Each structure stands twice: as structure tokens, then as C-alpha cells.
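These are my notebook entries on a structure that I had not examined before. Each entry records what I looked up and what I found.

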Amino acid sequence: MANTRLLHLDTTQLTAYTWWGGVVRTQAQFPNDAAGHAAFAGYLQSHRRSLFYLLADVPEESFQYESVPFVQGADRKALIRRKLTQYFFGSPLTTAFSLGREKSVRRDERMLFMALTRPQFFEPWLDALRTSEAQVAGIYSVPLIAGGLLARLGLADRHPRMILVTLGRGGIRQTYFEDGRLRFSRLSAAPTNGVEETARACGHETVKLYQYLISQRIVARGTRLPTVVLVHPGQRAVFAALAGTSPTLDFEFSDLVQAARRSAMRGLPTDSSADALFLHAMARHAPREQFADEGARHLFRVWQLKFGMVTAAAVVFVACLLFAAKYSYEIQQLRELRDIKLGQAKADTERYNEILRELPPMPTSLDNLRAVVSRFDAMEDRSERPMALYGRISRALEKSPDVEIRRIEWQLTTNPEDPTQGRGANAAAAPGATAPDLYATALITAALLPGPARDHRAVLRAIERFADSLARDADIAVTVTRLPFDIEPAKALKSTEQSGDAIGDTQFAVRISHKLGGKHDPA
Amino acid sequence: MIRRSDFRYLRASLAATIVMIVASGLLVAYVADWHKKERRLTEQAEDSHRQLQTRLARAREEEAEIKSKIDQFNALLARGVVGDERRLDWVEQLRNIRSGRRLLDLSYELSPQGLLDPLAAPVSSGGYEFYASPMRLTLPLLHEGDLINLLDDLEATVSAYIRPKRCTVERAVGAGGTPTGNAQLRADCIIDWITVRARLSAG
């Protein structure tokens, strides 16, 4: 960041100051002669990297007020340039600013055109600045700075129209403001023989200004104008006593030190000179309007570009550093998380190995173990002893004591309806086919025991009773496959050799079956 | 407006700007790449840990199951179901049962060994194979209890898994319809004698 150096130029000399942290410090003084100019050039050479603000406090100023049509952009620039040339032909140190728009129907813009009307006075100083390639931020005048100061001190709100009187090396500055905006300013020479004379001169000079304002019809005749005089509190009483009274001016003596404090100035004034205050205000709140042309400020613009580039790059770099810091923090957290996970994985592996170690010795691989046992369980599911069905037949016989079993053909088959057609245990399954269900079947060949003569119905009832007893269990399928006689219409039905309709041969066949499986069903 | 002659004032700042921008870019690229690598490594560690946790949880669940299966397999091994066929032992055992149970008679025919029909156990057995040797048993019975006892004794004593496939029991009558000798019944059964053996590796 470049150092800020403030240059105060009055009619007798140029004073150079440094400005840092709200403190204005005198560095050097250069008299307004050839030696002073040369010394100034040498000073500039020693501080080429600094930014220079020039505050002019000279009497040769001009203020021209005019209402112009309101335009914007290039038209506005052209209008202002034309007016400045028109009013101040020959002076390169000009500026203009808006005093607002009129309330008339046209709403023209009220403009104040200003100039430092003795350019030859500034030339040696400006030449030194040009030659040393100094970075000139701007050329200002005390009235330009005073406008901003007025607002910050709150004086504009209290007094819509007022005169501000300040003292400095250049003399007694009287500045007239309307609605807080600069309208006119005047610099009078200050007496050199003490505070009392200065106080009296303040009163006289301000009255002269008032008379000028009346003559120019800037102020209506008879208007009482508040007049604020900025003085050191130690000299207030003197000024109050000696500034005099006026029927048209209401003098008010304001505390210069307090004003400096309110402007965030450190290094407070020790007398009634407001130069340091104006220099501080210029450095801190330089107004947009100033007198240097773009040629004089070119190197300042280059500095702004340099500063902007480097600042932007620095901001980007700092942002990247912050980004890198954030990501570095996240990386650290990721590493910590990874360490935790690796530790947990190690512990889990240990626990897993411990489980394996605690298992009994494996007679074969785990996969083979599972496969063999699963297949054995499946085989047991599809196996059954004949005794299971024999038991059911036995229970049925208890309820049908007149039935005599002659033959039981038990087998495992896939077709319980016709085991001779089914795939028995020897039939190989087609590769890839889903295995069909397996059934245990028993074909029971039986007959009714000899007893009282039975007719066809009695025989049928006995057989059905036996079949019903077999069918008591819900999972057993029972089919009577052969009766002692056929009662189908297509078949013959004849009596026996015995008397009446008694049936001799009562042999019949019943088939029972049930599906195997479920012993090793998963829970 | 910036002129060509102004570049001598801008050189150092331009260089500093370029250096900072490039450094910023390199810094961001480096850190982003590093972050990506670390994140990938951490994700790998998390995946690995998740898999280990799943394996551990499964191992805990399967521990009881594996122990049970080991016990079952060892029981089959001890019974002789897993292992080579011991045909001589089987016939000796049949003889012992016949004399122990005082069976009237017992004849058998043990067919050559073959692979167990997949219908009997339609699942794979991994590196082991199930073999079946069908046996035809015919015997006269005083009562059906003789057959039941025979099958129970075979199940309890022989080094194989006994799986009846077909059994016909009928009254033992002669030409005149009267029982022959002491036998009331006659049994004719086909029984698979099943053993399990490791598959022979090819070649």
C-alpha cells in the first residue's frame, strides 16, 4: 500500500505532510521560489511510490453558478466542458458539481462551475509533480473539502444557509453554503499581529462576504445568516468578544478540537488553524470533484490499476488459502476417520479369527461341510420307513376289525396316483429339471373277514368305513382302487352262488399316500 | 486509458498478480487432488470395514450353525456313512441281526454301487459324492414286527444310511391257501445302502 502524502499550497509556500492512522504530520516546507521548487522536486523523487493529494488554499478562485438543462452521459460531459471553457478560458484547473435540480417544470440542473484562476501560480509545482512522475490523486481546494466537513459536523442540518469561517496559513476562509452545498468562498489575508486582530478581522471579512452575497443576489437583502466560526476552545472567548456583532450575521463559535475529534482525527489542533483538519478530511473523504485533469492523474490511475490487480489477486490467493485450509482440515479429519476404520477393521478381523479359532476342527472345508450336511438333510426329508404308513393302517384296522389285510405294497414314488407310472427311486432326474415331489404310497389289498351274509351295500359300507378311518389324517390321500364288484353301468353285476344276494369274494384294494418333506424346513 | 509506456509501471504488479493467480490455481488443484485421494482411501477403508463387519456378523450368526454342521458331519463320519463302503461288515451285521432276532430266514442280493439318484436328494454336495448300493432283501416273517425290528437294527448298527425304496409284505400261503411253515408273512424289500465319499479329483 502506497504512503499517502498531503501537500498544502498557499500563496507563500507548499507544506508536505504524511498522513497515517488519522495523524497529520508535517514533513517538509518548500517556499514559493526556485529553490523551493527544486527542493520540492527532490522531495518528490525520494517518495515516488507515494500518493499525493494537493490542497490549494489560495484567493484566486472563481465560482460560477448556472442552471443548465439536465443531460446525462457524454452529453453531460460535453456540456460541462463547454461551460468550463466558456467561464474559465485558459485555466486548466477547473471542476463542476451539481447543486441539485430545480423544482420548476423543466427540472433544470443547478451547477456550480469552479476554477483556480491563476494557473501560472501552480505551474512550477505541477511541473515538479509531472517531472518526478508522482502519483497525483487529485488537486482540491479548501471550499471543496469544507462541504463534506459540514455534513459530517452536522452543521448543514442545523443551518440550511450559513457561512463557515475557518482560519489557516492562507488566511481567513469564509465559505457560504446553501442546503449544505458549496455556493461561494472567499479567502482574506489574516493579520499577523495576534489573535485579537485575527478575531476582529474575522468579523469584518465576514460582513464583506455578506455584502457581496447581497450584491450578487445570492442572498436576499435583510436575511440573517448563521455564521459558524471554527476556533480552538482556548481562543473561543477572544473571538466571541472581538468578532463583533452584526444585524445580519448570527455568530456561533464552534469548537475546532471537537470538530477534529468528530472527524476521527488523531493529533488534535493546538491552535485555531483548520489546515490539519482540512488535510485530514481530504485524505479520509476526498470528494469526487477536484481540479486536476486526467493527464495529471494518469499515473494515479495506473496506480489504481496496479493496486486493483494485486488486491484482486491477493483476495483470490487468500480465498484459495482459506479453501486449502478448509480442505486441509477435512483431509485431517478424513485421515483420523480412516485410522479409526482401520483400527476397527483390525479389531473385527481379530474377533473373526478368534471365532474361527474357537470352532471345533473342521473335518473338511466349510463349503463341503455345508454341502454334505445340506444334501443329507434333503435326503432325510425325502426318505421314510414303511412303518409310518403301517402305523396308520394299523390304527384304521382297529376301527374296522372285519377287514383282513392280505398284502401291502409300500414304495416311494413321484406319482402317487399310479406308482407304476411314476418315477421311482431308480429313475434319474433330467439334468437341470426341478426335482418333483416324492410320495410314500401303500397299496393295501384286503378283504372282509367271513361273517354274516352281506349284501352289496353292506360290503360297500364296510369298505368305506375302513377307507374313512385311513383318511382321518389330513395329510393322507386315500383312494379305493378296486371293489369286490363293479357297480359301473358299463360293467356286469351278478349274484354269487350263495343264496340271495350275499357276496362271497370281498377282496378290495385301497391306496394311501402322503407327500414327503418338511423335516428339515428352515424356521 | 493505459498506454504502452505504462507497462514499465505495471510490470512488477502484473508479475505479482500472475504469480498469485498461478499459485492460487496450483494450490487449489493440489489440495483438491490430495483431498480426493484421501477421500478415496477413507472410502476404501470404510468399505473394507463394512465388509468385515458383515463377515463378522455373519460369522457370529453362523458360528452356531457351523458348530452344528461340524457335529452332524462328525456323527456321519463316526457312523461310517462318510467313508468307503464296508460290504463285508454289512453282511456280517445282517447275519448278526438274523441270529439275534431269530429270524426264520433272510436272503439278500447287494447290487453294484452307483451314484445316488438325484430324486432322493436333489441338491449339490460340493466336493463329496453320495453313493447308493441297492439291496434286495427277502425274508419270511412271523409278524410285521420282524421287518420293523430288522430295519431298526440295520439303521442303528450298519456303517451306511439305510433308505427303503420299496417293500411288499403279504401273507405267506401255499398252494392250498394255508400258511407255509411258521411264517405268516413274507417281505420283499429294495433298500439303498448309502455312503458319502470325497470326489476323486480329475486326472
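**Entry 1: The contact between the chains**

I began with the two chains together and found 80 residues of chain A in contact with 79 residues of chain B, where contact means heavy atoms within 4.5 Å. Before going further I noted that this is a predicted model, in which local features need pLDDT of at least 70, side-chain atom pairs count only at pLDDT 80 or more, and totals for chains, interfaces and linings use all residues. I also noted that residues are numbered from 1 along each chain as its sequence is written, that chains are lettered from A and ligands numbered from 1 in the order in which they are written, and that side-chain values use heavy atoms, with hydrogens and water left out.

I next looked up the area. The size of an interface is often given as the accessible area lost when the parts come together. Chain A and chain B bury about 7,500 Å² between them, and 68% of this lies on carbon and sulfur atoms. Buried area here is the accessible area (1.4 Å probe) that two parts lose on being put together, summed over both. Of the area that chain A buries against chain B, 11% is supplied by Arg375(A), Met379(A) and Arg385(A), more than by any other three residues.

**Entry 2: Polar and charged pairs across the interface**

I counted eight salt bridges between chain A and chain B; a salt bridge is a side-chain nitrogen of Lys or Arg within 4 Å of a carboxyl oxygen of Asp or Glu. In one salt bridge, the side chains of Glu129(B) and Arg375(A) meet at 3.5 Å, N to O.

Between chain A and chain B I also recorded 28 residue pairs in polar contact, both at pLDDT 80 or more. A polar contact is a pair of N or O atoms within 3.5 Å; within protein, one must be able to donate a hydrogen and the other to accept it, and residues adjacent in sequence count only if both atoms are side-chain atoms.

Which elements give two or more residues to the side of chain A that touches chain B? I listed α10 (298-358), α11 (366-381), α12 (387-399) and β14 (403-413) of chain A. Helices (H or I, at least four residues) and strands (E, at least two) are DSSP runs, numbered from the N terminus. The largest share of that side, 32 residues, comes from α10(A). The residues of the side divide into 48 nonpolar, eleven polar and 21 charged. In this division Ala, Val, Leu, Ile, Met, Phe, Trp, Tyr, Cys and Pro count as nonpolar, Asp, Glu, Lys and Arg as charged, and the others, Gly among them, as polar.

**Entry 3: Chain B**

I then took chain B by itself and found three helices and five strands. From the N terminus on, its elements run α-α-β-β-β-α-β-β. Of the 203 residues of chain B, 40% count as buried; buried means under 20% relative accessible area, exposed over 50%, and partly exposed in between (1.4 Å probe, protein chains only). Among contacts in chain B between residues at least 6 apart in sequence, 71% join residues at least 24 apart.

In the loop between β2 (114-115) and β3 (128-141) of chain B I looked up Asp117(B), which is buried, with a relative accessible area of 10%. Asp117(B) and Phe130(B) are 13 residues apart in sequence and 8.9 Å apart in space, C-alpha to C-alpha.

**Entry 4: Selected residues of chain A**

Glu330(A), in helix α10 of chain A, counts as partly exposed at 24% relative accessibility. A polar contact of 2.8 Å joins its side chain to that of Lys326(A).

**Entry 5: Positive phi**

Most residues other than glycine have a negative phi, and most peptide bonds are trans. I noted that Asp179(A) has a positive phi, near 50 degrees. Asp179(A) lies in the loop between β10 (171-178) and β11 (181-188) of chain A and counts as exposed at 58% relative accessibility. Arg102(B) has a positive phi of about 55 degrees although it is not a glycine. I placed Arg102(B) in the loop between α2 (87-100) and β1 (107-110) of chain B, where it is exposed, with a relative accessible area of 73%.
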